[in-house]
Every structure is written in structure tokens, then in C-alpha cells.
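Trainee: Hi! Could you walk me through this structure? I'd like to learn how to read one.
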Amino acid sequence: MALSAGNVSPHQDLSRDAVPPVSSRDRRQSSAAAPPGSHSGTVVITDIPARLDALPFGRFHILVIVALGITWILDGLEVTLAGALSGELKQGSALALSDAQIGVAGSCYLAGAVLGALFFGWLTDRLGRKKLFTITLTVYLVATAASGLAWNAWSFALFRFFTGAGIGGEYTAINSTIQELIPARLRGWTDLLINGSFWLGAALGAGGAIVLLDPAFIDPAIGWRVAFLIGATIGLVIVVMRLWIPESPRWLMTHCRPQAALAVVRGIEAQLPRGDAAPARGLPKVRLRTRDHTPLREVAETLFKTYRQRTLVGLALMAAQAFFYNAIFFTYALVLGEFYGTPAHAVGWYILPFAAGNVLGPTLLGRLFDTVGRKIMIASTYAVSGVLLAVTAYLFSQNLLTATTLTAAWMTVFFVASAAASSAYLTVSEIFPLEIRALAIAFFYAVGTAVGGIIGPLLFGVLIGTGSRAAVASGYAIGAVLMIAAAAVEARFGVAAERKSLEVVSRPLAFID
């Protein structure tokens, strides 16, 4: 049957202005086309996607950005704390960790993020966005607080694993929700801005480390434990804010709950000032067959057969930026200590300007991804980042940089690289069908992080341990090559998704002609 705006009826649709009901022939074709195991439902005709894209930017979207975008701030906080506190964690008054154990803890965090993304991503597509971004935030809160209670290297690594699992799950649930609630014309800039907020968390972590590792303020043996409670405290506030975020109407309309989807859209429209709502008629409608889930076989077929070129793009972008960022940032405090003699309590002062460059990049360049276009901006930011990293690697290897000028170089490199890395998350969350969006995000995040994030810190931990500038520079060179290669892949196979509805960029599996 087809569903109506006001009630369930076999003779009406789920849009503002009705079109003819779905015929028996359409129903037979829809049923016949249903993939095995997806449990085909009713046929729905709706203009909900168009209504969401037609909404003016307002208070609702600001709430979405703040309440959901906090994930990147929390991740930035966690990564920065792990790096800034690494020097203190090596002290006998703390956990007396070795450089290798610090690298293992960093890799455990990323391994948890990989597995958490895959598990929670699968649940996000099956159970809904809202349920999962509540569960994953709770996992993060408990685990990050426990990190501050660790008693040895292995307990610390275990708690970092579960902290990463919560953050990895957050990435899948939150990226999916944001993509599906933000209007198409603003999706690129908004996504880059939110992903760039990672560095607000980095600045918060750096500032917190400066204070909490200062013996004049607090005993560092206690301060490092208190530092991990910062993220838990922020998370508690966000739990309350997320109570006002609705389930994604796009997910609801394809998962047998079209009336709930309509209620959410009407609720958003009701918050608009009079006269700001989308026009009552003339919006394009779509016709879809509801389903309660998408079989994993169909997910694999979509990724590796239907959209295999897009899968290549996603893998290239995610792996390159994961290695680029995690290898450098996870070990930044170690480089400062090993090659420049920077004391642990002063590391935060070097991370603050580093973070500033990373925040400014997506903020100032983000609008160009919606105006100039996705392909040219993604390819160019990746290529420029690679070149700048190669130059910095050479200067570092020749001992031509001080701790201050190295930080200035990183500010320049990551002004561009932050926009590039953020665009990788934007890409993989918008170029695949709605029904597999969260799991697709999880897959690319998992593969990219496993290749670039887990291997990167371990490799750099070994390279830094040699005490050789040339060895560390060779690691930077690998990151540069990966970024330039990813730029070439994007230029050749990228998708021009700017200002287009998600349903146009990638047709949902539930749609029928």
C-alpha cells in the first residue's frame, strides 16, 4: 500500500500534495525486487528528502551541529591528552610506561575505534541513528573515566581500547545523522566545520595538560588522572543535549516508520519562523519500498560491485589521512621530547598553535567544497598537504627547524590537511546509499585507521626510538606519498556531490521507479 501524510491509506501518499496511488503492478515489481532477507514492506510516496533539503538553516541545525559534533571535540581531546600526557606517563610517579608501551596504548585506542565502528555501525543501520549515538556516548564516558583510574600499562591500554570503541561507534552514528539532517546546499561546509572541531578538543586537551601537569598547580602524579575526567564531564552535558535530537527522518521512512518520519519533519518545520517553511507544493517526490534491515550480502555487493570505484576513492582518502594524522600527532610529544628536549608539562604550548591551524583550515576553506566543488577541492587539498609535508620532512632531517619553527611548519601543513582529512569523512558518508551509510562509514574508517592509524604510531614509535632525524623524516615522506596518491585517485574517480541531495548522489536501495 501507499501511505498518506495524515494516516495510513492505500489511496494517498506521504507528501504534501498527493500523486496517484501505487498500482498493483508497482507493488508486484517492488515485492519481486526485494533482496532476500530484507523483509519488504509497504510502498511509500514521499517528499521528505526534498523538504529536509529545502529547510532554511536555523536553530534546529545549530542544535544538531553542537550536540552531535561534540564527538570530534571529544576525539580531539582524547588524542591530545594521550599525546600530551605521554611524557608524564613515562614517569615512575605515574605508570612508568616505555615509549613502546605508549605506542601500544595509542594503537589499542585505534583498534578499539576500528572494532567499535564496525559493530556499532552495523547496529546504527539496523536499529537507528538516535539509539546508537546514545549508546556509544555512554561507552565513551565510562571508558575515558576508567582510563584515569588505570594502575599499570595493560589496564591503561584496555581502557583506551574501550574509549576508542565508543568514539569509533560515535563516528558512524553521528556522521550518518548529520548528513541526513543538514540541507544539501550546506552539507559540505557543515561537515568540514564539524570534523574540524576535532581540534577544539585538541586545544582543550592541550590547555588542560598545561594546567594539570604544572607542579605549581597540582601534583602531576594526580593531574594526569584528573585530565581524563575532562572528556567524561563534557560527555555528561552532551547526553542531555542529545535528548532533543530526533531520529533521522530518512532512516525512519525506509525502515517501516514513515508516519514517524513525517512527524519529525513537521516538528522541525514548526520551529521555523512563519513564512520560512518550504513551499507547500512542487517539491519532488520519491517512491520507495520500506525494509526493516539490509542483508550484509547486499551491503557487500553494493560496496564492491555496484560502487567499486567509489569504494576505491573512500579507501584511498581514509587510509592516507589516517596515516598522515595519526602517525604525526600521536607521536608529536615524543618528537618534541626526544629531539628538542621539551619537558612534558610544556608540550601543550606547542599543541595549541598546531590545533589553531587545524581549526582554521576547514572553517575558512569549507565553503569552497560547496561552491567550487568537491573533486577539485578534495584533490587539491590532499596534493598540497603532501607537498608541504615532504618539505617539512626535509627541513626536519637537516636539523633546520627548532621546536617553535617545527610547530609553525605543522600549522601551515595542517591548515590545508585538516580540510583534506575532514573531506574524507564527508566523502564516504555521502556517496553510498542511505541503507548502508553507517556501515559504509565504519568500513572505510576501520580500514583506513587499521592501515594508517594503527601501523602509523607503531612505526613512528620505532623510528623515534632510533634517535635518527633521517629515520623519522622517512616516515613523514611515506605520509606525503600517500596523500599525493590519494589526490590522484580523487581527481580521477571522485564524485561531484556538491549541492546535490543525498538521494541524487547515491540512489537508496529502497527506491523504486
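Mentor: Happy to; we'll go through salt bridges, aromatic rings, a helix and a few surface spots. Keep in mind that this is a predicted model.

Trainee: Okay, salt bridges to start. How many salt bridges does the structure hold?
Mentor: The structure holds 14 salt bridges. In general, side chains of opposite charge can pair when their charged atoms come close.

Trainee: Which residue forms a salt bridge with E180?
Mentor: That's R437, and the closest N and O atoms of the two are 2.8 Å apart. E180 sits in helix α7 (residues 153-181) and R437 in helix α21 (residues 437-465), so the pair ties together parts that are 257 residues apart in sequence.

Trainee: Are E180 and R437 buried or exposed?
Mentor: E180 is buried, and R437 is buried too.

Trainee: And what about R374 and E430?
Mentor: Their side chains meet in a salt bridge, at 2.9 Å from N to O. R374 belongs to helix α19 (residues 374-397) and E430 to helix α20 (residues 403-430), so this pair links parts that are 56 residues apart in sequence. Salt bridges that share partners also join R187, R367, D370, R374 and E430 into one network. Both R374 and E430 are buried.

Trainee: Now D47. Which residue does D47 form a salt bridge with?
Mentor: With R51, where the closest N and O atoms are 3.6 Å apart.

Trainee: Why does D47 count as buried?
Mentor: D47 counts as buried because its relative accessibility is 1%, and buried means under 20%. R51 is buried as well, at 3%.

Trainee: Switching to aromatics! How many aromatic pairs are there?
Mentor: The count comes to 24 aromatic pairs. One aromatic cluster includes F198, W199, F323, F396, W410 and Y476, among others.

Trainee: What lies over the face of F396?
Mentor: R469 does, at 4.8 Å from the ring centre.

Trainee: Let's do a helix. How does the length of α6 compare with what it should span?
Mentor: Helix α6 (residues 129-147) has 19 residues, and at 1.5 Å a residue it should span 27 Å. Its end C-alpha atoms are 27 Å apart, so the two agree.

Trainee: Which residues of α6 are buried?
Mentor: Among them are R129, L132, F133, Y140 and S147.

Trainee: And the surface? Which residues make the nonpolar patch?
Mentor: F57, I62 and V66 make a nonpolar surface patch of about 240 Å². V66 lies in helix α3 (residues 59-84) and is partly exposed, with a relative accessible area of 39%.

Trainee: Where is A263?
Mentor: A263 is in helix α13 (residues 258-270), and at 48% relative accessibility it counts as partly exposed. A263 and P249 are 14 residues apart in sequence, with their C-alpha atoms 8.6 Å apart in space.

Trainee: Last topic: backbone angles. What is the phi of A96?
Mentor: A96 has a positive phi of about 55°, although it is not a glycine. As background, most residues other than glycine have a negative phi. A96 is in the loop between α4 (86-89) and α5 (99-127), and it is partly exposed, at 45%.

Trainee: And what is the phi of R499?
Mentor: R499 has a positive phi of about 60° and is not a glycine. R499 is found in the loop between α22 (469-493) and α23 (502-505), and it is partly exposed, with a relative accessible area of 48%.

How values were computed:
Residues numbered from 1 in each chain as written. Predicted model: local features only at pLDDT ≥ 70, side-chain atom pairs only at ≥ 80, totals over all residues. Heavy atoms only, no water. Phe/Tyr/Trp six-rings, centres within 6.5 Å; stacked < 30°, edge-to-face > 60°. Lys NZ or Arg CZ within 6 Å of the ring centre and 35° of its normal. Patch = residues over 30% accessible without salt bridge, like charges linked within 9 Å, V, L, I, M, F, W, Y side chains within 5 Å. Areas by Shrake-Rupley, 256 points an atom, 1.4 Å probe, with all protein chains shown as cover. Salt bridge = Lys/Arg side-chain N within 4 Å of Asp/Glu carboxyl O. Helix = DSSP H or I, 4+ residues; strand = E, 2+ residues; numbered from the N terminus. Buried < 20%, exposed > 50% of the residue type's maximum accessible area, 1.4 Å probe, protein only. Expected span 1.5 Å × (residues − 1).
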